[in-house]
Amino acid sequence: MSVLDRINKENDIKNISMSEMPVLAEEIRKFIISNVSKTGGHLASNLGAVELTMALHLCMNLPNDKIIYDVGHQSYTHKILTGRKDDFYRLRQYGGISGFPKSCESECDAFNTGHSSTSISAAIGLAEARELRGSNEKICAVIGDGSMTGGMVFEALDQISTLKSNCLIILNDNEMSISQNVGGLSSSLSKFRVGKSYNELKSNVENALLDIPTVGHKVAKGIKKSKDSIKNLFVPGVMFGDMGITYVGPIDGHDTEQMVEIFEDAFKLNRPVIVHIKTVKGKGYKIAERYPEHFHGVGPFDPETGKARNPKTVECYTDVFAKKLLALGARDKRVVAITAAMSRGTGVRAFQKAYPDRSFDVGIAEQHALTFAAGLAKGGYVPFVAIYSSFLQRGYDQLLHDVALQKLHVIVMIDRSGIVGEDGETHMGIYDTSYLRSIPGLTVIAPKGARELEHAMEYALSADGPVAIKYPKGAAYTGLDDKQFQFITGKSEVINFSSQFGEAKCKSVALFAVGSMVSTAVEVRDRLKVETGYEPELINARFINPIDADRIRETLKDYDYIAVLEESIKKGSMGEAVAYEIASSDYSCRLLHYCIDSETLQHGSVKKLKEEQHLDADSIYEDILSKISIK
């Protein structure tokens, strides 16, 4: 029996001897690599956090004690140690376990995460709730160095200094390999700083000095000032000390025994503590150690070679954006690119290499990215801000207040719009239509395919004010590329008129499709034509804001039904805009609305989730056929 076989529920790790911990760590890594190679997932970050998670589980009593993983990219070992290893074959699959912490899966998942820089805020809330309740559970936030770039972290740190009880923050620094300062001296200093004897001595000396009349406060202040000036030279993390938070580290994040000793001492202190650990991203899998960014999030791959099992053979929307951005940058020196720590994922990497002076990676700070872009636009440049749809939500106020209300020429490229798939509810781009349509003066475009995305970027560059362009994850649609791309603000594109009854009125149905759903509408149209002889009118909405109200009213006049197809939630959707036009008209046209009927979506393949929501071509065809009268 392997060591891992002896762990079947939370706290079972406490029955494993410390001498067996290296074996357990190796078995967990092999388990993660084996499973993720089949399902895909976040690999490098999870491999780097194995010993860290083991150490926390040895020090804490789950689920009573609370661990909050920032983002959650490093939570696989936590799931394995809390009784979910038998479900890993369904990791990120429809009906299987999530790739992120989910309290509905286990009480041991203390807080649902998926976006970065939230863990410290949540941990402070849990700590204050503990104090109000009078309980004594341990609370720990695990946050990576990348997430520390988010402004929300500094807002939380500003408050945590007021906390009068313990809250442990683990800063998992995996930017580089273990550096030389993670040695004997640093380890000794770390243990010393959280040790009982040191803290009692420090407290007694300070109290004694403060009791001396007149000069006591001055002496204590002078000693502290001298001490801090020396610490500034030799000790990392002085910033935390200045904020009233005890800093410990850096220490080796792959030494389980040492981390257990320091974590246990840190939990005993009646104040917030930050423990800085250094880990190697991709630890134990040489290919991932060498290329950690590539192995951050992966699809199924061959663990022997690291190569994808199903290599990408077609151009995706991100590729189309990347190439067009390069072309526009070469032609117009006003073009600049902004990314929020996602240069590879959003396709900005090539532009960064070609034009480093016109490229800006602001870190995980979407709010700052948008206001920074507004400043660039004020200065005469045209920023292309590339952000995933689910992350753009964090910059809504800046998009409204700093960009749109000032009518600034900022172009927001919204990648992963629509159903994203295996990453689940926190990463779905299904809300953007609803919140973007509410922003005054913001032109919003949903291209139907690859070439229209390129033309949308051309249009946006020549525009006067803010423009948002949203496009899905995955292969770029290349059908209908022969169609004309004349962009007129707020005007849709009629792809084909109905062939039924010649020029007669009261035709059966028109398909009004938005962005990614144009290709689905083409399938529905073609199937209706082949199987019934009826070819419905097909309209590419193209503009989400402003909408083509004139074309909608013309369609209402001529058709019994208008079918709106969109990859968005119902509230605030294009379908609701069409419903308003119907309600405001004198026509009897009825709405068929094909959208996402749930307010949240679980993880699963895009194909499976579309079928569940009846957004696939077969479901839409069958529904239309059941409602319309085809003569």
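At 48% relative accessibility, Glu531 counts as partly exposed, a label for values between buried (under 20% relative accessible area) and exposed (over 50%), found with a 1.4 Å probe on protein chains only. This is a predicted model, where local features need pLDDT of at least 70, side-chain atom pairs count only at pLDDT 80 or more, and totals for chains, interfaces and linings use all residues. Residues are numbered from 1 along each chain as its sequence is written, and side-chain values use heavy atoms, with hydrogens and water left out.

**Salt bridges**

- Glu531 meets Arg527 in a salt bridge, at 3.0 Å from N to O; the term stands for a side-chain nitrogen of Lys or Arg within 4 Å of a carboxyl oxygen of Asp or Glu.
- Arg527 is partly exposed too, with a relative accessible area of 25%.
- Why are Arg527 and Glu531 separated by about one helical turn? Because they are four residues apart in helix α21 (residues 517-532). Helices (H or I, at least four residues) and strands (E, at least two) are DSSP runs, numbered from the N terminus.
- How many salt bridges does the structure hold? There are 42 of them.
- One of these joins Asp173 and Lys278, whose closest N and O atoms are 3.1 Å apart. The pair links distant parts of the chain, with Asp173 in strand β4 (residues 167-173) and Lys278 in strand β6 (residues 272-278), 105 residues apart.
- Asp173 is buried, at 11% relative accessible area, and Lys278 is buried as well, at 7%.
- Arg344 and Glu293 also form a salt bridge, at 3.7 Å from N to O. Here Arg344 sits in helix α14 (residues 343-346) and Glu293 in the loop between α12 (286-290) and β7 (297-298), 51 residues apart.
- Arg344 is partly exposed at 44% relative accessible area, and so is Glu293 at 41%.
- A network of salt bridges links Lys491, Asp548, Asp550, Arg553 and Glu581.

**The sheet and a helix across it**

- In which order do the five strands of the open sheet come? The order is β2-β3-β4-β6-β5, with parallel pairing; two strands pair if DSSP finds at least two bridges between them.
- At the edges are β2 (66-69) and β5 (246-252), each of which pairs on one side only.
- From one strand to the next, the twist averages 20 degrees.
- Strand β3 (residues 139-144) runs parallel to β4 and is joined to it by five bridges. Val142 has Ile170 in β4 as its bridge partner.
- Helix α6 (residues 151-160) lies across β3, β4 and β6, and runs at about 145 degrees to β4. Contact means heavy atoms within 4.5 Å, while axes are lines fitted to C-alpha atoms, for helices over the stretch in contact, with angles from 0 to 180 degrees between N-to-C directions.

**Checking a helix**

- Helix α1 (residues 21-39) has 19 residues and should span 27 Å at 1.5 Å a residue; its end C-alpha atoms are 27 Å apart, which agrees. The expected span is 1.5 Å times one less than the number of residues.
- Just after α1, Gly40 takes a positive phi of about 80 degrees.

**Cysteines**

- A disulfide is a covalent bond between the sulfur atoms of two cysteines.
- With a disulfide taken as a pair of cysteine sulfur atoms within 2.5 Å, the count comes to zero.
- Cys140 is in no disulfide, and the nearest cysteine sulfur, that of Cys167, is 7.7 Å away.
- Cys140 is buried, with a relative accessible area of 0%, and Cys595 is buried at 5%.
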